[in-house]
Amino acid sequence: MLEKQTIPLANLFKAYYSCRKNKRNTINALAFELNLEEELIQLKEELESGTYAISSSIAFIVDKPVKREIFAADFKDRVVHHLIIGKLNHLFEKQFIYDSYSCRVGKGTHFGIQRIDRFIRQCSSNYTKDCYILKLDLQGFFMSIHKNILFAKLEQFIKEKYQNANRELIVKLCKQVIFNDPTKNCIIKGNKSDWDNLPQTKSLFHSKPNCGLPIGNLTSQVFANFYMDSFDHFVKHDLKIRHYGRYVDDFVIVHEDKEYLRKLIPKLSEYLQSELQTTIHPKKIYLQHYTKGVKFLGTVIKPNRIYIANRTKGNFYNAIKKQNKIVLDHKPTKEEKAAFLSSMNSYLGIMKHYKSYKLRKRMIFKRLSGYWFNHVYLSGGIAKFVLKVRPVKKNQRNANMG
């Protein structure tokens with residue numbers, strides 16, 4: 001008789017705490033937290049008995065940094081996502097190459113930008129020799145991920161690398177998450193017209209059968225990285241390319257020979273098509289001398305300097321306009337203040353790493369409404385907004401002490 005596959009309750013608490021970090025004030029998260037122990041015990045029973053079912057997602061469109069379709073999973077399902085990634089991520093880290101940057105602790109956009117900058121300096125011998133940059137993008141990447149290919153790779157990986165007793169249960173959960181179709185019974189937030197002008201290659205509603213992962217789920221981000229891992233190893237170890245880095249579906253190769261890079265494109269395309277059924281975007285092939293610079297992750301990397309890309313500047317300006325409308329209309333609520341900090345600090349957090357002090361100063365002091373400074377102040381020069389804390393009145397303090 002097979003031993004029962006179990007999930008320790010401590011694992012679910014850990015997954016919950018990881019999940020709630022950025023989602024604690026949502027309605028679903030608050031409802032879940034209200035009866036936390038009962039919810040987690042029930043979820044444990046559902047997972048172990050095989051009765052766990054994925055709930056409806058909320059579908060909506062975001063415009064920044066680019067127009068995208070998002071599927072927000074129910075909070076309970078997010079806990080399961082964090083459980084799965086919590087079990088597998090340390091194994092993925094051993095498998096992934098050093099220069100894949102997406103959704104990895106200690107890496108991310110800033111790390112990726114610095115690495116590509118370093119590749120250019122190394123390959124050009126500190127800007128004294130010729131070298132060239134090849135930058136490629138995949139067409140409709142998340143919507144083109146083939147679920148059968150992904151699951152076959154993941155199942156084999158788990159059976160080889162994951163040694164815990166609940167291995168079959170983790171495989172089953174991965175299969176359930178991968179093959180779930182969030183377009184079925186989803187709740188549309190906003191208007192259907194929001195999908196106007198969104199290319200069909202960027203929507204799950206138009207993806208091929210058994211293709212596509214929903215943008216917005218932790219599992220989608222990490223599984224997409226895993227999906228591309230074989231390609232990373234092909235580039236690094238089979239083709240023996242030294243200066244290569246990838247962030248999701250955006251990858252850069254730096255080499256001293258332009259013709260070599262030109263001939264490389266069909267080899268990369270053939271591998272991607274035959275092994276992963278993904279396609280290089282024909283309109284996003286960039287091959288130039290390093291002195292021309294390269295756009296990467298919201299920046300423009302040039303010799304001795306890194307600039308903020310125009311699209312990032314435009315998005316920052318539009319974000320400021322949006323916040324100005326709020327503060328000029330009414331006194332911001334607690335939620336609106338939190339949203340202001342999240343939005344503004346996300347841009348400042350990226351921009352402060354690069355030559356952008358004058359840009360940040362101009363955008364904040366010339367574009368942002370002064371009314372916001374009744375509620376926030378700048379910290380670390382022009383690096384971060386902080387919420388002003390009102391001092392507690394004496395009478396109120398005495399009442400609290402009583």
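Predicted model: local features only at pLDDT ≥ 70, side-chain atom pairs only at ≥ 80, totals over all residues.
Strand β9 (residues 299-302) is held to β10 by four bridges, and V300 stands opposite Y307 in β10.

For the terms: strands (E, at least two residues) and helices (H or I, at least four) are DSSP runs numbered from the N terminus, and two strands pair if DSSP finds at least two bridges between them.

## Two cavities

The structure has two cavities of 30 Å³ or more. A cavity is a set of points on a 1 Å grid, over the protein atoms alone, where a 1.4 Å probe fits but cannot get out; lining residues have an atom within 4 Å of a point.

The largest cavity has a volume of about 130 Å³. Of its 17 lining residues, H81, V177, N180, P214 and N217 lie nearest the centre. Helix α9 provides the largest share of that lining, three residues.

The second largest cavity holds about 40 Å³, and α8 gives the most to its lining, with four residues.

## Ground rules

Residues count from 1 along each chain as its sequence is written. Local features need pLDDT of at least 70, side-chain atom pairs count only at pLDDT 80 or more, totals for chains, interfaces and linings use all residues, and side-chain values use heavy atoms, without hydrogens or water.

Note on methods: 1 Å grid on protein atoms, 1.4 Å probe; cavity = no way out; pocket = protein on both sides within 12 Å on 5 of 7 lines; lining within 4 Å. Points joined across faces, edges and corners; volume = space filled by probe spheres on them.
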